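I set out to record what I looked up in this structure, entry by entry.

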Amino acid sequence: MRRIISLLLENESGALSRVIGLFAQRGYNIETLAVAPTDDETLSRLTLTTVATDEQSEQITKQLNKLVEVIKLVDLTDGEYVERELMLIKLRVNGLEQAEIKRTTDIFRGQIVDISPNSYTVQLVGTSEKLDAFIHAVAAFSVIEVVRSGVSGLSRGEKALSL
Amino acid sequence: MLSGADILVRSLQEENVDHVFGYPGGAVLHIYDALFKQNKIHHFLVRHEQAATHMADGYARATGRAGCVLVTSGPGATNAITGIATAYMDSIPMVVISGQVQSHLIGTDSFQETDMIGISRPIVKHSFMIKSATEIALAVKKAFYIATSGRPGPVVIDIPKDITNPADLVPYEYPKDLKLRSYTPATKGHPRQIKKAVSMMMTAERPMIYAGGGVIQGNGCEQLDELTRILGFPITNTLMGLGAYPATDKQFLGMLGMHGTLEANNAMHHCDVLIAIGARFDDRITNTVSKFCPQAKIIHVDVDPASISKTVMADIPIVGPVDWVLREMIEMVKQVIGKRTEEKAKALAAWWEQIDSWRSQNCLEVKVDSSGSVIKPQQVIQALYKLTHGDAVVTSDVGQHQMFAALYYPFDKPRKWINSGGLGTMGFGLPSAMGVQIAFPEEQVVCVTGEGSIQMNIQELSTCAQYGLPIKIINLNNRALGMVKQWQDMQYEGRHSHSYMESLPNFVALVEAYGHVGIQVTSPDELDLAMKKALALKDKLVFLDVLVDPEEHVYPMHVAPDGSMRDMWLSKGVRT
């Protein structure tokens with residue numbers, strides 16, 4: 001099952017490599033990864049998605065917790081959560097296709113953030129599923145490149161991952 | 001105001017480090033100069049950095065204190081890697097200080113540069129890259145705390161040369177307290193879980209205690225002893241746990257696992273309640289996991305939550321320090337043991353009868369050569385046990401000789417049996433014995449090795465000469481990589497691909513060249529006398545080169561693949 005694991009770690013050089021190294025070393029896979037400092041500059045918040053069985057995911061969280069620089073972590077998929085991912089997708093366009101792409105982008109509540117004579121760059125925010133659906137929807141057009149931020153997420157309600 | 005080098009040395013003194021094992025080089029010259037100017041810390045110069053880590057490791061296993069290593073950058077650091085990995089796999093507290101090239105050269109592929117933090121990352125509990133001399137004291141404090149607390153392990157501190165420059169002085173104060181928000185090892189167990197475990201123990205009809213190296217590392221042997229005796233349950237120790245419970249006691253069933261005894265492995269397979277303490281269900285224990293202890297409810301005590309339910313699901317997990325948890329257990333057991341039903345007491349008695357019938361098969365009986373010309377390796381260990389009165393500290397390398405030592409030298413006390421269990425590092429035996437001898441100059445320290453393993457760190461005979469370490473080396477010389485050959489006999493139809501040791505040195509001449517005493521033994525009737533002679537030379541390193549039966553296998557041995565714990569080879573061609 002798909003898991004979204006979110007963790008707070010010391011904002012120190014080398015901390016990220018320990019998290020990534022752990023996954024490589026123990027044969028877990030990382031589907032997406034997003035990391036940046038938080039409002040507290042001594043802390044980084046890291047969100048990763050992985051596909052794991054219940055037993056594997058228990059081991060993953062235990063092993064992550066063992067890393068000295070990991071302060072706290074939560075498996076968001078254990079409860080209710082909000083997830084978002086940002087995608088920029090550059091499409092090759094000719095005159096006839098412009099309207100169609102604009103309409104599809106509107107339906108997905110995306111924005112066209114850059115245009116050139118032969119290309120549109122669309123920005124889209126949503127769940128990973130929604131981004132996948134958009135890629136599917138524009139499959140008939142020529143996709144030049146895609147960049148996705150990786151998933152970020154928070155628990156719903158008052159629950160929080162904080163010190 | 002002090003230099004980085006002086007701060008490092010002072011900080012080590014603050015941590016009561018009195019022995020450092022190392023090898024100098026460009027990146028650590030400032031540190032070596034600072035060491036030269038003091039006399040609290042004694043430095044031992046090895047001949048290869050791997051040996052420094054194994055010495056620190058042996059020192060740590062024997063004393064329970066962190067071993068300390070100092071190596072230079074590049075090859076110094078990479079040579080230390082095998083020893084760090086060995087310590088990591090066996091949860092041994094160790095602090096390794098590696099020199100690094102100057103800060104401005106990092107990342108430029110400069111001379112003797114290697115990314116030590118990166119290379120060591122998967123095999124350390126934690127590591128520190130020092131960026132300023134002002135960070136050194138706190139890093140040392142943290143390193144020793146992390147290495148020795150919770151589940152212990154090795155910690156690396158990598159220090160660029162410019163940071164130890166004697167010309168650059170910075171303020172120094174050693175931190176008194178330490179609080180790490182991201183590192184809080186368990187200091188006690190959950191009382192409700194312990195209570196549940198005790199209730200389960202009281203319902204057991206075929207209980208079994210399975211105790212590992214964590215009991216020794218966690219200083220819980222006295223408590224384990226008391227608990228086991230109050231309960232009256234059978235107990236087995238892992239390879240790493242030997243000595244945690246007295247091996248000559250009647251409740252002890254011997255070692256378990258791949259080369260465990262018939263009684264220990266059978267009792268594991270048939271038990272209904274398994275009490276695992278400081279053990280991690282390693283693949284060398286369980287054989288096929290899906291067939292492991294099919295009827296057992298499992299209680300698992302470990303200080304490391306990640307060890308619990310990693311390979312075998314625990315019914316009652318208890319995370320906590322072993323001594324604390326066992327103390328609580330003892331108190332609770334004392335209150336309820338008198339109320340154990342007669343039915344359960346009878347079942348336990350029947351269980352012991354069953355165990356005794358397994359035990360009566362005497363699976364470790366040595367079939368002595370009737371012609372009297374061939375020395376069986378087991379006989380050598382038995383002679384060693386007899387002549388040292390079971391009181392020596394025994395280190396070993398890795399292979400058949402390691403298993404013979406584990407099976408035929410019953411250890412009654414912890415920290416007397418020192419071997420590389422997790423990583424299985426050949427070359428560990430001699431340097432770890434050196435570390436033990438340095439920690440305990442008065443102890444009888446014996447290294448049981450083979451002609452393969454000993455040659456992986458034989459250069460340390462020179463270090464032994466320098467520091468006058470009177471270790472006794474028992475070389476079970478079967479002229480082959482015995483364990484490899486055994487597997488090839490059993491699984492590859494006897495095709496001995498590269499398991500011969502051709503061109504063996506004349507070991508007696510070799511050790512004499514280093515200034516030690518060498519004795520070769522070729523027949524069984526010389527064995528006792530030669531060993532007595534070796535042990536009597538109190539102040540000398542003696543190398544006993546014993547030519548043993550090259551055809552001998554280690555038994556019992558688990559049937560693999562797909563076998564359960566009770567599926568064993570008992571001798572050549574004979575299985576359970």
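I take helices (H or I, at least four residues) and strands (E, at least two) as DSSP runs, numbered from the N terminus. I note that this is a predicted model, in which local features need pLDDT of at least 70, side-chain atom pairs count only at pLDDT 80 or more, and totals for chains, interfaces and linings use all residues. Residues are numbered from 1 along each chain as its sequence is written, and chains are lettered from A and ligands numbered from 1 in the order in which they are written.

Entry on positive phi. I recalled that most residues other than glycine have a negative phi, and most peptide bonds are trans. I found B:Ser309 in the loop between strand S13 (297-302) and S14 of chain B, with a positive phi near 60 degrees. For burial I used other C-beta atoms, placed from the backbone, within 10 Å of the residue's own: 20 or more is buried, 12 or fewer exposed, and in between partly exposed. I located B:Asn362 in the loop between helix H13 (342-359) and helix H14 (377-387) of chain B; it is exposed, because 11 other C-beta atoms lie within 10 Å.

Entry on cis peptide bonds. I recorded a cis bond between B:Tyr555 and B:Pro556, with omega about -5 degrees. B:Pro556 sits in the loop between strand S20 (542-547) and strand S21 (557-558) of chain B. The bond from B:Ala560 to B:Pro561 is cis, with omega near -5 degrees, and B:Pro561 belongs to the loop between S21 and strand S22 (568-571) of chain B.

Entry on the sheet. I count two strands as paired if DSSP finds at least two bridges between them. In chain B, six strands make an open parallel sheet in the order S11-S10-S9-S12-S13-S14. Strand S11 (252-255) and strand S14 (316-319) of chain B are at the edges with a single partner strand each, so one side of each has no neighbour in the sheet. Strand S9 (residues 207-211) and strand S10 (residues 235-237) of chain B pair in the parallel sense over three bridges. There, B:Tyr210 stands opposite B:Thr236 in S10(B).

Entry on the chain contact. I call residues in contact if their C-beta atoms, placed from the backbone, lie within 7 Å. The contact takes 13 residues from chain B and 16 residues from chain A.

Definitions and conventions. Two residues are in contact if their C-beta atoms, placed from the backbone, lie within 7 Å.
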